[in-house]
Amino acid sequence: MADLFGSNDSKQTDDVSRPLADRLRPGDLSQVSGQEHLTGPDGALTRMIETGVLGSMIFWGPPGTGKTTVARLLAGFGDYAFVQISAIFSGVGELKKVFELARAHRQSGKQTLLFVDEIHRFNRAQQDSFLPVMEDGTVILVGATTENPSFELNAALLSRARVLSFKSHNDDSVAALIKRAEDVEGKKLPLDDEGRASLIRMADGDGRAVLTLSEEVWRAAREDEVFDAEGLAEIVQRRAPVYDKSQDGHYNLISALHKAVRGSDPDAALYYLTRMFDAGEDPLYLGRRLVRMASEDIGLADPQALLIANAAKDAYDYLGSPEGELALAQACVYLATAPKSNAVYVAYKAAMRDAKQHGSLMPPKHILNAPTKLMKDEGYSDGYQYDHDAPDAFAAQDFFPDNLDRQVYYDPPERGFERDIRKRLDFWNKRRNET
């Protein structure tokens, strides 16, 4: 725990023993690449700095987008004591020491800008401990997280801090970082155009990653050696996609896959399915999600959809990788191209609401069995009509409880197989109205 802004002197930028990514940290907010919506002339942070007053903030974005760098730079725009901690290595004892130091700074007339990396790793009680020092102005909190603050941070903490989103680097900003690295190193990367484009793709929007990869290329290259894309792949292991199977990357991609299927776009659905395969997602998890999509978004518009999705899941379970993935891909395309209906899904939710709201209503006695004389005397099964004995095998009886009016939950659309179901329901409803 220290005043890291003071110890991170820009004079150390010539220290070649430090990693390239550290040596290239911008010395001014205007030098931050890829976050122009925050640091550009009209950016949110630029406007905040112009007012001369900083408030607590949460920096939310992927790794390698400049969250730590920007936090350090902010401390230079005022007479702040800059303290940096990581939620990975800090506990309650460390937080108490930080708050005591911040109070000491305040007594000497200096406010503390506290940067907390990986703030989402603090538990709820630890997050609550920030509230008093934020409210009384002892600390300006800048928290950094790669996870969605809405899910990972307390509502009370979020209500006292502004959330600023950091974006993944695009190809242009990654290329600009490479050019800056070449200027600092005083030499070009030994890559041809194809290799350079491949390096940018490997970075996957992570500025720190592309600088680390660039260092590896320089270290690996012999004199006058130039790598193409294939040569680059041999000397630099392909970096895994930004994807955490238990966090945002996981939920973002499964959401995209589900919505592409629902939106009848088989090409986009296949893209997101293969993205998740490539990232190492459990194929059986994807199989289960496809089964869910078949029930939620297709339903009885195509009754085969559920059978095919379930068969694909079983096929993967039987075949394993890599053969089994093709069965899941087949099911994915089938679901995306099937007629869509959520009528059963809507009906289920509506029926569940009534089931919870009305409690344990007794079914009408005429549809209850009467295995004993007492039950017969009580009227059980009295008046029941056996549907198979009625015309068209339909007796038009009322099956809802006596204290609950007849409800309509299932309303099939005129699509797919449900077009036929609609005709049957209309016929039966007409018969009910006639009785």
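**View 1. Five strands make an open sheet.** This is a predicted model in which local features need pLDDT of at least 70 and side-chain atom pairs count only at pLDDT 80 or more, while totals for chains, interfaces and linings use all residues. Residues are numbered from 1 along each chain as its sequence is written, and side-chain values use heavy atoms, with hydrogens and water left out. The strand order is S2-S3-S4-S1-S5, with parallel pairing. Strand S2 (80–86) and strand S5 (162–165) stand at the edges with a single partner strand each, so one side of each has no neighbour in the sheet. From one strand to the next, the twist averages 20 degrees. Helices (H or I, at least four residues) and strands (E, at least two) are DSSP runs, numbered from the N terminus. Two strands pair if DSSP finds at least two bridges between them.

View 2. Axes are lines fitted to C-alpha atoms, for helices over the stretch in contact, and angles run from 0 to 180 degrees between N-to-C directions.

**View 3. Bridges join the strands of the sheet.** Strand S3 (residues 111–117) is joined to S4 by six bridges, and Val116 has Gly143 of S4 as its bridge partner. S1 and S4 pair over four bridges; look for Trp60 with its partner Thr145 in S4. Four bridges also join S1 to S5, where Ile58 is partnered by Val163 of S5.

**View 4. Phe59 and Phe166 form a tilted pair.** The whole structure holds six aromatic pairs. Rings of Phe, Tyr and Trp (its six-membered ring) pair if their centres lie within 6.5 Å; planes under 30 degrees apart count as stacked, over 60 as edge-to-face and the rest as tilted. The ring centres of Phe59 and Phe166 are 4.9 Å apart and their planes stand at 50 degrees, so this pair is tilted. Phe59 sits in strand S1 (residues 57–60) and Phe166 in the loop between S5 and H11, 107 residues apart.

View 5. Most residues other than glycine have a negative phi, and most peptide bonds are trans. The peptide bond from Ser321 to Pro322 is cis, with omega near 0 degrees.
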